[in-house]
Amino acid sequence: MKVIITFEHSCLTAADFDDEQDFDWLIEQNFDVFRIERKQQQWQLKVRHYIGVIGLPSGGQVEILPKLAQAQITHADEVTQTRQWVQQMLTAVWQALLPKSLPNLANQRLINPPAPNPPPINHSLSLSEWLQAYFWQGFAQYVPNQQYQQFEQNQPYLQGKLLVKEQLQHNFHQPHKFYHQTENFVMDTAGNRLVKTTIERVIGSMASSPLSSPLPPQWQAVGTVAKNLYDTLLSQALQELTALPSLLAQRNYTFISFCYALLTLQQASSQGQFLTPTWLVNMPFAFEKWVGRKIHEQFAAQNFELVEQKKQPLTVQQGLTIKPDIWLK
């Protein structure tokens, strides 16, 4: 698989692609990550402040790395080091991508569950390959949440609870049948549907990679959901976790929030369609979250306050204000 490596704020032209149709396709999609410019009688795609991966119709990928590495990267080992740093940063900030409007589970036994360690794999893998390895590692540790659901059936045998009212209503002239109610464990819960949707929308579209894993048969009955229901589904999934033992709930919470991040970071075309495996991260946002996390780790034993993106007075008269990325007190 051909991987085209580029950087924040750099430019791509048709000459950067083995197949010029890939470049034309990127222009047509009008992704948020690119700004289309015309310079020196040719079209250019100017990369904005994003990092991530964009799948191409030819089967290749565009991998976007941080701008800080652009001046130094000249060899494969330097690309490897940059990928490793990006992977470590993303591992630390997945939790920050959860919407603030969702219920805070810190009051429900889930107190800042730690992110899992990145997979012990070769960091020379592209971000796309690492993403799959990270997902399947979490999937292997994920315990699918199951819950009882009631089913009513009218059959020639009795199983479970006989519903007398319905029996008289439906089977007065067919006494050989029994209208009964049973309760069975089912996997079609909100958390499992979020995981299944992630597999089909993000991970499954990268099935050409040797890191992909087959889905266990019991997952076939689990449904998927549309994009406009992601927030609702996550809220329901987090509520389901409160019924699980604390340690299991923490582990599942970490993986489910990671799945939500993958789904919401997936970029659609201008027509709202997910045509290729594509996920993009706002680099300034992710970097600020990563720096904030490292500051908390460094000064954990001290009394301080950290506030992000807060206006502060620049002068005594408060006539001027500034808005620093991170404010420490």
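**Strands, helix faces and salt bridges**

Trainee: In what sense do strand 5 and strand 10 pair, and over how many bridges?
Mentor: Strand 5 and strand 10 (residues 278-282) pair in the antiparallel sense, over five bridges. Two strands pair if DSSP finds at least two bridges between them. Helices (H or I, at least four residues) and strands (E, at least two) are DSSP runs, numbered from the N terminus.

Trainee: What should I know about the model before going on?
Mentor: It is a predicted model: local features need pLDDT of at least 70, side-chain atom pairs count only at pLDDT 80 or more, and totals for chains, interfaces and linings use all residues. Residues are numbered from 1 along each chain as its sequence is written, and side-chain values use heavy atoms, with hydrogens and water left out.

Trainee: Why is strand 5 described as largely enclosed?
Mentor: Six of the six residues of strand 5 (residues 50-55) are buried, so the rest of the structure largely encloses it. Buried means under 20% relative accessible area, exposed means over 50%, and partly exposed is in between (1.4 Å probe, protein chains only).

Trainee: Which residues sit on each side of strand 5?
Mentor: Tyr 50, Gly 52 and Ile 54 are on one side. Ile 51, Val 53 and Gly 55 are on the other. All of these are buried, and both faces are covered.

Trainee: Switching to helix 1. Which residues are buried there?
Mentor: Asp 22, Phe 23, Trp 25, Leu 26 and Gln 29 are buried in helix 1 (residues 20-29). Seen down the axis, the buried residues fall within an arc of 160 degrees, so they line one face of the helix. The arc is that of the directions from the helix axis to the C-beta atoms.

Trainee: And what is exposed on the other side of helix 1?
Mentor: Glu 20, Gln 21 and Glu 28 are exposed there.

Trainee: Now charges. How many salt bridges turn up in the whole structure?
Mentor: A search finds six. A salt bridge here is a side-chain nitrogen of Lys or Arg within 4 Å of a carboxyl oxygen of Asp or Glu.

Trainee: What links Arg 83 and Glu 63?
Mentor: Their side chains meet in a salt bridge (2.7 Å, N to O). The pair links distant parts of the chain, with Arg 83 in helix 2 (residues 76-93) and Glu 63 in strand 6, 20 residues apart.

Trainee: Is Arg 83 buried or exposed? And Glu 63, buried or exposed?
Mentor: Arg 83 counts as buried at 8% relative accessibility. Glu 63 is also buried, at 1%.

Trainee: Where do Glu 297 and Arg 293 lie?
Mentor: Both lie in helix 8 (residues 283-298), four residues apart, about one turn of the helix. Glu 297 is partly exposed at 46% relative accessibility, and Arg 293 is partly exposed at 32%.

Trainee: Which residues are linked in a network of salt bridges?
Mentor: Arg 35, Glu 37 and Lys 39. The side chains of Glu 37 and Arg 35 meet at 3.1 Å, N to O. Glu 37 is buried, with a relative accessible area of 15%, whereas Arg 35 is partly exposed at 40%.

Trainee: Loops next. What is the phi of His 9?
Mentor: His 9 has a positive phi of about 65 degrees, although it is not a glycine. Most residues other than glycine have a negative phi. His 9 is in the loop between strand 1 (3-7) and strand 2 (11-12). It is partly exposed, at 38% relative accessibility.

Trainee: And Ser 10, what does its side chain contact?
Mentor: The side chain of Ser 10 makes a polar contact with that of Thr 6 (2.6 Å). A polar contact is a pair of N or O atoms within 3.5 Å; within protein, one must be able to donate a hydrogen and the other to accept it, and residues adjacent in sequence count only if both atoms are side-chain atoms. Ser 10 is buried at 9% relative accessible area.
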